[in-house]
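Thank you all for making the time this morning.

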Amino acid sequence: MTGAPPRGLEERLRDTRAKLASDVDLWVATSGSAGGVHLIPLSYLWDGTAFLISTPRASVTGRNLLAEDRVRLSLGPTRDVVVVDGTAEPVGIADLGPEAGDAFATKTGFDPRELDEPYQYFLIRPRRVQAWREANELQGRDLMCDGRWLG
């Protein structure tokens with residue numbers, strides 16, 4: 001992609017929304033007094049407004065998100081990255097609802113509801129979304145601010 005002209009806002013929004021809908025895995029960065037700074041890859045479901053992830057409740061990520069709702073997500077390779085800053089809300093398996101649980105299992109290929117280890121779902125609402133491919137796209141990389149898409 002080196003040498004390609006920077007994409008405009010509408011193209012970046014379209015590309016980013018397509019990536020959010022089609023990708024299955026992302027990086028989840030958390031911090032919290034429970035486990036300190038932590039980075040882990042997890043699968044997700046994007047419903048068009050929020051991400052649904054699941055991790056063992058006792059894991060560092062699970063403990064961190066229960067202690068501190070701030071989270072950073074990253075998708076894609078370094079030359080086509082999407083970075084999301086958001087807030088995480090815990091969702092119990094009983095509160096998840098069968099449709100969301102089934103959609104998550106279908107998209108990610110695993111169903112935490114069927115595991116013996118207690119898993120915790122989190123609904124992550126994006127507050128800021130950025131996307132860029134090369135240095136020439138750093139300017140204008142903000143696609144969402146304060147939870148609202150630009151454009």
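This is a predicted model: local features need pLDDT of at least 70, side-chain atom pairs count only at pLDDT 80 or more; totals for chains, interfaces and linings use all residues.

Let me start on the outside of helix α4, where the face turned away from the buried side carries the exposed residues P98, E99 and T106. By exposed I mean over 50% relative accessible area, by buried under 20%, and by partly exposed anything in between, with a 1.4 Å probe and protein chains only. Helices (H or I, at least four residues) and strands (E, at least two) are DSSP runs, numbered from the N terminus.

Residues are numbered from 1 along each chain as its sequence is written, and side-chain values use heavy atoms, with hydrogens and water left out.

Now, which residues of α4 are buried? In this helix, which spans residues 98-108, they are G101, F104, A105 and T108. Seen down the axis of α4, these buried residues fall within an arc of 95°, so they line one face of the helix; the arc is that of the directions from the helix axis to the C-beta atoms. As a reminder, an α-helix has 3.6 residues a turn, so residues three or four places apart point the same way.

What covers that buried face includes β2 (38-43), β3 (45-46), β4 (51-56), α3 (93-96) and β7 (119-132), where a contact means heavy atoms within 4.5 Å.

Leaving aside residues up to four places away in sequence, T108 touches V24, S43 and Y44. After α4 comes G109, with a positive phi near 85°.

Let me turn to β4, one of the strands covering the helix, which is itself mostly covered, with 6 of its 6 residues buried. β4 runs antiparallel to β3, joined by 2 bridges, and L45 stands opposite L52 in β4; strands are taken to pair if DSSP finds at least two bridges between them. Their hairpin has 4 residues between the strands, and there G48 takes a positive phi near 100°. β4 also pairs with β7 in the antiparallel sense, over 6 bridges, and the bridge partner of I53 in β7 is F122.

Another residue to look at is V84, in strand β6 (residues 81-91), which counts as buried at 0% relative accessibility. Again leaving out residues up to four places away in sequence, V84 touches F51, V71, R72, L73, P126, R128 and V129.

Finally, the chain as a whole: its secondary structure comes to 4 helices and 9 strands, and buried residues make up 41% of its 151 residues.
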